[in-house]
Amino acid sequence: MIKAGVWRAIAISGVVAFAAGCASVERGATNLAINLIERRIIPPQLEIDDVDMACRFATGNYPLISGGTRAFGGDPRLLESLLLVSSAACAEQRAVEEELRYLRASKQNNIEEAQDARIGQKRLLEITARRQLRAFEAMRNKLEDKYNFEYGEGCPEFERDFDELSYLLGTVAGLQAVVNDIASQQMVGVPTDIAPKSERALTCLSNAKWWGAPNAARAVVWSILPGASDGKDVWGTFRLSMLIGERQGVRLSHVMYGLSALAVGDTMRFRDSTKRFAEVKDFKPSEQYALVEGISVAVMTNLSDRYWAENVGTRTPVGGMGKYWDEEAAMPEGMNVDDLLN
């Protein structure tokens, strides 16, 4: 006869096995749902060009999507990465507003207002850098696990466009995190070795397929890291990448060109980036990646606004992208240059 203790052990084992089986089923179902979202729901969202709507959705729903899927054993890291990329856009926009307030206050010699704005800007840049770093890390860790490679040292054999897109946007987020963390006085502590690793990692993507952005991002690294530009045609790489982006309807390379020009203090090339951005002949925004193009428009507008505010005290005039106060013939119709300079 089997003793009661043995029966109890068998019963407990059965319960544990049943629970493990249930957890396995839950995990499988949740990951199936995540895969469905990535294949069926994300593509239509990428067709929406309203950046403010997208970043607010990402910020508000990240805890629910992340926590809900993880509670049932799912692995939402690529979804988390894209949501964090989008959410960071909201924080960065708010940081730009504080920077514009700082520039206006500085021109008016309002010291307290300028100091307050600078503090607010740095706090928001910390939030931005933190979200961008988490986006980068989620992408890197997930794809390293999935494809069994080391980021920046080898190339995965991508199975899906979604994985490639996540790889590209997550990598760009990592580079942005480095820049924004420096601007926030390194309040996050973003590892600076992300930049050289990202430069190598981007060689794994087709420049022609992804709007010229991979090589443009590499050129950003070449332009900002000491010695990285040796033997490289930095500005020629930007020009070719912008041409690809113009033909495919995504001007992300133009933004990177403008960022690099500002980083090295090249005003002429920065103005060239805005002019080229604004004057693309017969430009047709991508329908498939309208959100990425929308983010490109928002970031380029922010760059232009900062440049205008620093020099004149106002944002870029409506219809004035690529046109400047000292180029009166090119100013928007009805705009009085003297009014801007007074």
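1. Ground rules first. Residues are numbered from 1 along each chain as its sequence is written, and side-chain values use heavy atoms, with hydrogens and water left out. Because this is a predicted model, local features need pLDDT of at least 70 and side-chain atom pairs count only at pLDDT 80 or more, while totals for chains, interfaces and linings use all residues.

2. How many salt bridges turn up in the whole structure? The search finds 25. A salt bridge here is a side-chain nitrogen of Lys or Arg within 4 Å of a carboxyl oxygen of Asp or Glu.

3. Start with Asp145 and Arg77, whose side chains form a salt bridge at 3.1 Å, N to O. They sit 68 residues apart, with Asp145 in helix α4 (residues 111–147) and Arg77 in helix α3 (residues 77–107), so distant parts of the chain get linked. Helices are DSSP runs (H or I, at least four residues), numbered from the N terminus. Asp145 is exposed at 55% relative accessibility, whereas Arg77 is buried at 17%. The cut-offs: buried is under 20% relative accessible area, exposed is over 50%, and partly exposed is in between (1.4 Å probe, protein chains only).

4. Next, look at Arg315 and Glu97, a salt bridge with its closest N and O atoms 2.7 Å apart. Arg315 lies in the loop between α11 (290–311) and α12 (337–341) and Glu97 in helix α3, so this pair ties together parts 218 residues apart in sequence. Arg315 is partly exposed at 35%, and Glu97 is partly exposed at 29%.

5. Lys146 and Asp163 also pair up, with closest N and O atoms 2.7 Å apart. Lys146 is in helix α4 and Asp163 in helix α5 (residues 161–183), so the bridge joins parts 17 residues apart in sequence. Lys146 is partly exposed at 33%, but Asp163 is buried at 0%. Salt bridges with shared partners put Glu38, Lys146, Arg160 and Asp163 into one network.

6. What does the side chain of Asp181 reach? The backbone nitrogen of Gly189, at 3.1 Å. Leaving aside neighbours within four places in sequence, Asp181 is in contact (heavy atoms within 4.5 Å) with residues including Ala129, Met187 and Gly189.

Technical notes:
Helices (H or I, at least four residues) and strands (E, at least two) are DSSP runs, numbered from the N terminus. A polar contact is a pair of N or O atoms within 3.5 Å; within protein, one must be able to donate a hydrogen and the other to accept it, and residues adjacent in sequence count only if both atoms are side-chain atoms.
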